[in-house]
Amino acid sequence: MAKLLICDRCLLYAHNPYLVCAVHLDGVDGDSCLDFREDPNAEPEGGTYYNGELIVQPQQRWTQQQKLELLDWHPMFTGRCPQCNGLFDRDWSARVHWDCKCGWMDDTV
Ligand SMILES: [Zn+2]
């Protein structure tokens, strides 16, 4: 079937292996489509549609991985300074700034 590259970003695209779109069931001739309508929701940040399913790019998984690593060392979660391992004040869960007296400064939040 003559699916175009722009079909992935079109409101009318069917995301269906048996038809191309709601207007041109078998696709269009040439390399452009008169009925193309940009879909503002297509291609979400970091993801791509493939056979109608959202495939998340490795970059997005890496961001998730970084979040998980943050859980392991950030004083917001551990209550300790990652540099000197000193405990923050008891009310550390209500803290906004995470600058330690040893000189460590938080630059992630
Ligand atoms: Zn410290």
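Student: What share of the contacts between residues at least 6 apart in sequence join residues at least 24 apart?
Tutor: In the protein chain, that share is 33%. Contact here means heavy atoms within 4.5 Å.

Student: What should I know about the model itself?
Tutor: It is a predicted model, where local features need pLDDT of at least 70, side-chain atom pairs count only at pLDDT 80 or more, and totals for chains, interfaces and linings use all residues. Residues are numbered from 1 along each chain as its sequence is written, and side-chain values use heavy atoms, with hydrogens and water left out.

Student: And what is the average pLDDT?
Tutor: The protein chain averages 79, and 75% of the residues score at least 70. pLDDT is the predictor's confidence in each residue, from 0 to 100.

Student: Which element has the lowest mean pLDDT, and which the highest?
Tutor: β3 has the lowest, at 64. β2 has the highest, at 91.

Student: How many helices and strands are there?
Tutor: Two helices and four strands. The order along the sequence is β-β-β-β-α-α. These are DSSP runs, numbered from the N terminus: helices are H or I with at least four residues, strands are E with at least two.

Student: How much of the chain is buried?
Tutor: Buried residues are 18% of the 109 in the protein chain. Buried means under 20% relative accessible area, exposed means over 50%, and partly exposed is in between, with a 1.4 Å probe and protein chains only.

Student: Now the metal. Which residues coordinate the zinc ion?
Tutor: Cys 81, Cys 84, Cys 100 and Cys 102, each through SG, at 2.3 Å. Donors are N, O and S atoms within 2.8 Å of the metal (3.2 Å for Na, K and Ca); water is not among the atoms, so sites may look incomplete.

Student: How are those donors spaced in sequence?
Tutor: The pattern is C-x2-C-x15-C-x1-C. Cys 81 and Cys 102 are 21 residues apart, both in the segment after α2, and this pair links distant parts of the chain.

Student: What geometry does the zinc site have?
Tutor: Tetrahedral, with angles of 107 to 112 degrees among the four donor atoms. Four donors get that label if all angles lie between 85 and 135 degrees. The ideal angle for four tetrahedral donors is 109.5 degrees.

Student: Where is Cys 33, then?
Tutor: Cys 33 sits in the loop between β2 (19-21) and β3 (47-50). Beyond neighbours within four places in sequence, Cys 33 contacts Leu 4, Ile 6, His 24 and Val 28.

Student: Change of topic: what is the phi of His 15?
Tutor: About 50 degrees, a positive value although His 15 is not a glycine. Most residues other than glycine have a negative phi. His 15 lies in strand β1 (residues 13-16) and is partly exposed, at 31%.

Student: And what about the phi of Asn 85?
Tutor: Also positive, near 65 degrees. Asn 85 is in the segment after α2 (75-78) and is partly exposed, at 47%.

Terms used:
Tetrahedral: all angles 85-135°; square planar, octahedral: opposite > 155°, others 65-115°.
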